[in-house]
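Try each task before you read its solution.

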Amino acid sequence: MDPVSLIPTPDAIPVHWFWLHLLLTVTTFLHFLAMNIMLGTGFIAFAAPFWRGDDVMPLNTHIAKTLPYSIAFTINLGVAPLLFLQVLYGQFFYTSSILMGVYWLSIVGILIVSYYAAYVYRLVDDRGGMGRLYISAAVLLLLAVSLLFSNNVSIMQMPEVWSNYFSDRTGWLLNFSDPALLPRYLHFIASAVAMGGLAIALYFEIRKRRGAADGEEWIKLGCKWFTVATIINFGFGFWFLGALPEAAYDPGTLAGKIFFILIVGSVATIIPSVAYAQTGRIIPATVWALITVLLMTLSRDILRLTYLKPYFSLPDLPYIPQYSPFILFLLAFLGGIYLVGWMLKTVWNAKEVA
Ligand code: HEM
């Protein structure tokens, strides 16, 4: 069956695709940052006691307090890219969501349970005992959600697998026929653990600069997680690269060239980040790591265009200009960012007073 016949006709977009894509990239980047902090710190709270025992509980108390916030931020910062993705790639994304419909709808339930587990972990006194059950549940469920997102992105980019629906129409499609799915997923998880470690180091570095004396050990521990997970992620990254279609890095195409430059760029920026983390210079380490995440987010965008090239390119989208709702959206977006910044500052200051 010709996969092209399965792709629905896209709706017209109201502003040039460039602006919508810019917002998709920016909001995806923000979603990834929140997701990395949430999943990474949660994973460290779950895994560190296996070899550090109860010594690590003071750190886990801090993570327990912040985890419900980072879950809320990840979910809310996921809504914006979801909207832009639907506007630009709806004909692919809606279809993939339906093909894995049972898993896709289950995400809501899984998130509610993991949110509850994170809250109970925050409230229990014995984080070394029963508490470990709750943090394990929260983290394992969040890991499952990540796999479902990677699965959706994989199906969406490969209309050639959509005809699998005709052999199983129940909405349980997992795209393990995509050799890039598993390394892609593991690459995301290792990145989250690395960034979670760095977030811990940064959190205690800021506290230290404000006079707290309890953070040196956790800064070191965070940097260690960042470094080890990043080194492991080189392995996942090269596996992922090797599993991609050759067209992804074909130097004969513009997309191939840009993708290659972005990948080389992200390797070049993560190296100073690790070096700074090793010498305890957390702020420059964070700046370089953020640049790396941005470059990786951009390379994902380019990769999606390459995957979809046989079927679609962005200028193909029908375009009927209508800019006023977009301008209104931008104003609301900027207002929202200001309010969230103010809210975070207020919460941080209230914690310091407490
Ligand atoms: C809280 C748990 C969540 C986790 C752990 C998580 C994790 C992830 C991961 C790992 C990806 C990358 C998939 C890939 O490219 O292989 C992703 C992408 C994405 N997530 Fe989330 N996510 C979560 C919640 C959400 C929610 C609730 C939404 C929407 C309301 C959302 C919206 C998105 C979108 C739209 C993308 C794709 C962006 C793009 O391809 O440009 N996420 N998420």
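**Exercise 1. Classify Leu 141 as buried, exposed or partly exposed, then find its contacts.**

Step 1: Leu 141 has a relative accessible area of 24%, so it is partly exposed (buried means under 20%, exposed over 50%, partly exposed in between, with a 1.4 Å probe and protein chains only).
Step 2: Leu 141 sits in helix H5 (helices are DSSP runs of H or I, at least four residues, numbered from the N terminus).
Step 3: Setting aside neighbours within four places in sequence, Leu 141 is in contact with Ile 110, Val 113 and Ser 114 (contact means heavy atoms within 4.5 Å).
Step 4: From C-alpha to C-alpha, Leu 141 and Glu 246 are 34 Å apart in space, and 105 residues apart in sequence.

A word on the model before going on. It is predicted: local features need pLDDT of at least 70 and side-chain atom pairs count only at pLDDT 80 or more, while totals for chains, interfaces and linings use all residues. Residues are numbered from 1 along each chain as its sequence is written, and side-chain values use heavy atoms, leaving out hydrogens and water.

**Exercise 2. How do H3 and H5 pack, and which classes of residue meet?**

Step 1: The axes of H3 and H5 come within 10 Å and cross at roughly 25° (axes are lines fitted to C-alpha atoms, for helices over the stretch in contact, with angles from 0 to 180 degrees between N-to-C directions).
Step 2: H3 is therefore roughly parallel to H5 (the label for angles under 35 degrees; over 145 is roughly antiparallel, 65 to 115 roughly perpendicular and the rest oblique).
Step 3: By class, the contact of H3 with H5 has 11 nonpolar, 3 polar and no charged residues (Ala, Val, Leu, Ile, Met, Phe, Trp, Tyr, Cys and Pro count as nonpolar, Asp, Glu, Lys and Arg as charged, the others, Gly among them, as polar).

Terms used. Helices (H or I, at least four residues) and strands (E, at least two) are DSSP runs, numbered from the N terminus.
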